[in-house]
Amino acid sequence: MYERIIEMIEKKEFTQALNEVEKIEDEKWEKYNLNGLIYFYQNELEKSKKIFEKGLEIEPINSDLLFNYSHVLLSLGEKMEAWRYLMRIHEKDWAVYDILGDIEFKNRSKASAIKFYKKAYDLNKNEEMAKKLLEKRKSIKKNEKIAFFCLPGLETFIKPIAEELAYEYDVRLIISKEEKEIKKGIDWADIVWIEWANELAIYITNKFNLTGKFVINRLHSYEVLNNYPLKINWGFIDKLVFVSNHIKDMFFEEFKIKIDYEIIENGIDLDKYKYKNRKKGYNLCSIAHINYKKSPDMWIELINKLTKFDIHYNMEVAGDIQDKRFLKYFDYIINENNLDNNFKLKGWIEEIEEFLEDKNYIISTSIHESFGYNIAEAMARGIKPIIRNFRGAKEIWPKKLIFNTIDEAIEKIMENNYYSESYREHIENNFCFEQEIKGIEILFKKMKNNKKFSYSNYWNNRLDKKFDIEGVGYIGLGKLYNSFLYKQREDILIFMIKKIFNNVLNNVNVLEFGPGIGYYTKIFKNYEVNYYRGIDISKKSIEEMNKKFDDFDFINGNVNSINNYGDKKYNLIFGADVLLHITNEKDFLTTISNVSEKLKNNGYGIFMEPVSFNKIKNTSEHFVIRSYDYYYKILGRYGLKIDKILPVSAFMNCPFDSDNDVFKKIFNAISAIFSNEKYDLNIKKDIGNWLLNNERAFLITNNKGFSQKIIIISKKGTENKINDVKYSDIFNLNNVQKNIDKYERILKEKDYFNDLTISNLKDELDLIKSWET
């Protein structure tokens with residue numbers, strides 16, 4: 001009969017087909033499936049939709065109904081609704097996966113689309129499907145190399161993400177704690193993703209040079225309850241990813257850390273979890289590692305009370321016991337309450353689908369969760385969850401499924417309200433895996449856009465927000481700390497000016513690269529220079545400088561354009577942290593050529609830049625650290641020479657040029673102190689003075705630093721007036737040591753060394769006093 005009706009539909013004999021369908025009993029799903037098809041082919045889509053919905057009330061997981069209903073939804077433009085019902089088909093064929101791929105590709109995740117196309121191809125390896133798979137994958141393939149790092153045993157959540165994104169990016173999943181493997185992955189990657197804000201994040205951010213990498217750290221849950229975040233070097237983290245809003249709130253409540261973040265919620269792969277319509281019943285379960293966080297003692301109380309209402313209530317627990325005290329407790333309490341037939345510990349279960357087959361409820365009694373995969377996976381199967389009210393639960397799960405007391409839990413179990421489809425829909429709408437992948441794709445796209453870096457926009461935005469010493473300095477460490485960094489540079493610059501120009505600049509023309517907030521500009525103002533011009537890429541800077549120094553000339557533009565230099569030549573060309581931001585090598589060479597062109601024959605260039613003696617040439621879209629040898633070669637190419645290079649900083653600025661972990665630990669401790677609001681300004685002021693003089697003592701003693709350098713250049717043939725200058729000529733060691741003793745005494749008197757971070761900082765500083773170059 002059904003075959004005959006199908007034949008009539010194919011021949012478009014719709015009236016006859018309808019007459020035959022009317023003869024089918026109302027309770028049979030076939031009646032609604034055939035009726036829906038007839039109206040679909042007559043393009044009466046809304047009527048067809050309603051008929052299929054009646055059929056789905058009878059058979060919610062019937063493959064034919066779900067497939068045909070999805071086609072109606074697609075025709076109505078309801079693509080994601082079609083996706084929802086196609087995903088409910090238990091045994092999907094290649095055509096279903098092909099349609100799922102099309103929906104994903106056009107509406108959400110490109111990587112997930114390729115996954116579905118691949119499944120379609122695996123089920124139907126014909127030439128057409130193969131061609132489609134290859135073309136679609138080729139069309140989305142990105143050049144970015146992404147390395148995911150995770151400690152062994154913690155890869156459950158990140159592994160499927162890495163596998164899915166491998167369809168779109170070059171991906172490596174590095175599950176290891178071995179230094180060589182980690183270093184190899186970091187060196188290879190453009191994007192470094194550190195899974196969990198735990199020991200691995202601490203290790204990677206403090207051990208390896210992440211300069212030029214876009215670094216993401218994903219924090220799940222338990223990390224906020226430990227001190228791991230205090231030990232992570234957040235200066236290397238570009239984005240912190242939280243899996244839920246309440247964990248984000250807890251993080252910022254617990255730690256006074258300034259970090260850019262995104263919330264990308266967890267998702268589960270609905271293709272793995274077969275939905276079916278369930279009803280109120282007696283079978284309860286829990287899936288959990290059995291530990292204190294899960295409050296397993298509540299299970300006994302719950303089932304004990306339920307059996308007082310009806311002896312048929314029972315509960316099975318799938319999970320490993322992580323504390324033997326619970327094993328002893330359960331052995332005792334089950335017997336004590338005669339619950340041998342009502343409460344069963346099943347141990348760790350691999351085949352969870354079979355375990356859940358007959359279950360009506362999943363019980364979650366946890367006191368702390370970032371999400372609850374066991375809840376989501378049960379809901380995806382249509383099982384009603386009964387969820388203890390932990391912080392954040394009401395943001396994630398329907399409020400009507402949350403309990404505060406055992407009595408409330410019992411009420412929710414025994415009530416008549418049981419709606420399998422709504423449980424499944426909650427996951428489909430909020431926590432499907434494909435949506436999680438889309439969130440990560442969006443994050444990577446933002447990263448790619450950031451790589452197309454506009455320093456004009458960057459500095460305008462940065463100085464609009466913070467037109468102060470922190471705005472042009474080390475963001476996140478505060479104005480006070482930056483004042484110490486700038487004081488160090490200022491003192492060195494003034495010494496060099498005195499040495500080169502005999503402290504007289506009234507006949508000197510000065511060109512400054514990147515005046516910023518005018519910190520160095522005021523020095524030239526005080527010296528009453530003959531002529532001054534400043535070139536800055538920031539409009540904000542130029543506007544403010546014109547107000548503050550009305551007799552100086554300021555130009556908004558790039559230093560690689562010689563037109564911005566004006567008609568004059570200069571006795572002094574000065575710039576601090578400008579050359580490193582010229583990331584295009586052609587522009588860098590042009591700038592050096594401009595300096596050679598505009599510098600007088602007896603003139604000098606003074607630049608403060610991060611110069612590497614270890615032949616590091618770290619590059620990123622934001623900055624380039626160039627080596628001393630490279631500077632020497634390029635300057636020589638344009639008729640310039642290096643007269644002197646001296647360190648400006650050893651450890652108060654990021655010691656990128658050191659292989660010694662002590663210097664990195666010192667800088668990390670400094671960052672932890674000055675970025676933390678728990679230390680007030682008076683403490684920070686004393687520590688800053690103490691650090692500054694320790695820095696100077698080290699530089700005097702060793703004449704070597706590992707961060708910014710002052711590099712003084714002139715034209716070949718120009719007299720070298722500073723060849724014999726040593727760091728001890730700039731600062732007097734006896735005075736520096738007196739200051740160290742003074743501030744160390746103050747810190748000791750005020751008990752600051754009882755603070756663990758400050759005490760560790762002192763220990764590290766003591767270590768480098770015996771350090772040899």
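This is a short walk through one chain, from its overall build down to two single residues.

Keep in mind that the model is predicted. Start with the whole chain. There are 773 residues, and 56% of them count as buried. The secondary structure comes to 33 helices and 20 strands. Along the principal axes, the C-alpha atoms fill a box of roughly 110 × 70 × 45 Å. Now look at contacts between residues with a separation of 6 or more. Residues 24 or more positions apart account for 70% of those.

Helix α4 covers residues 45–58, and helix α5 covers residues 63–75. Their axes come within 10 Å and cross at roughly 155°. Angles over 145 degrees count as roughly antiparallel, so that is how α4 and α5 run relative to each other. The crossing of α4 past α5 is left-handed. Who makes the contact? On the α4 side, L45, S48, K49, F52, E53, G55 and L56. On the α5 side, L65, L66, N68, Y69, V72, L73 and S75. By type, that contact splits into 8 nonpolar, 4 polar and 2 charged residues. Look at the spacing of those positions as you turn the model. An α-helix has 3.6 residues a turn, so residues three or four places apart point the same way.

Compare a second pair, α7 and α9. Helix α7 is residues 94–107, and helix α9 is residues 127–140. Here the axes come within 13 Å and cross at roughly 20°. That angle makes α7 roughly parallel to α9. This crossing, α7 past α9, is left-handed. From α7, the residues are W94, D98, D102 and F105. They meet M129, K132, K136, S139 and I140 in α9. The tally for this contact is 4 nonpolar, 1 polar and 4 charged.

On to the sheets. Take the one that holds β1. This open sheet has 6 strands, in the order β2-β1-β3-β4-β5-β6, and the pairing is parallel. Which strands stand at the edges? β2, at 170–175, and β6, at 261–263. Each has a single partner strand, so one side of each is left without a neighbour in the sheet. On average, neighbouring strands are turned by 20° against each other, direction ignored.

Zoom in on one pairing there. Strand β4, residues 214–219, pairs with strand β5, residues 239–242, in the parallel sense over 4 bridges. R218 stands opposite V241 in β5. Hold on to R218; that residue comes back. Helix α11, residues 179–188, lies across β1, β2 and β3. Against β1, α11 runs at about 155°.

Now the sheet that holds β7. Another 6 strands form an open sheet, in the order β9-β8-β7-β10-β11-β12, with parallel pairing. The edge strands are β9, at 343–347, and β12, at 402–403. Inside, strand β7 (residues 283–287) and strand β10 (residues 361–364) pair in the parallel sense over 2 bridges. C285 stands opposite I362 in β10.

One of those strands, β11, also meets a helix. In helix α21, residues 420–430, the buried residues are S420, Y423, R424, H426, I427 and E428. They pack against α6, α18, β11 and α19.

Last, two single residues. First, N266. Where does N266 sit? In the loop between β6 and β7. Buried or exposed? N266 counts as buried, at 2% relative accessibility. Leaving aside neighbours within four places in sequence, N266 is in contact with R218, V243, F371, Y373, F431 and E436. There is R218 again, the residue opposite V241. N266 and E253 are 13 residues apart in sequence, and their C-alpha atoms are 22 Å apart in space.

Then D536. D536 belongs to strand β14, residues 531–536. Its relative accessible area is 7%. Buried means under 20%, so D536 is buried. Beyond four places away in sequence, D536 touches G514, P515, G516, S541, I542, I555, N556 and G557. From D536 to A111 is 425 residues in sequence and 42 Å in space, C-alpha to C-alpha.

That is the tour.

Definitions and conventions: Residues are numbered from 1 along each chain as its sequence is written. This is a predicted model: local features need pLDDT of at least 70, side-chain atom pairs count only at pLDDT 80 or more; totals for chains, interfaces and linings use all residues. Side-chain values use heavy atoms; hydrogens and water are left out. Axes are lines fitted to C-alpha atoms, for helices over the stretch in contact, and angles run from 0 to 180 degrees between N-to-C directions. Angles under 35 degrees count as roughly parallel, over 145 as roughly antiparallel, 65 to 115 as roughly perpendicular and the rest as oblique. A crossing is left-handed if the near helix is turned anticlockwise from the far one by less than a right angle, and right-handed if clockwise. Contact means heavy atoms within 4.5 Å. Ala, Val, Leu, Ile, Met, Phe, Trp, Tyr, Cys and Pro count as nonpolar, Asp, Glu, Lys and Arg as charged, and the others, Gly among them, as polar. Two strands pair if DSSP finds at least two bridges between them. Buried means under 20% relative accessible area, exposed over 50%, partly exposed in between (1.4 Å probe, protein chains only).
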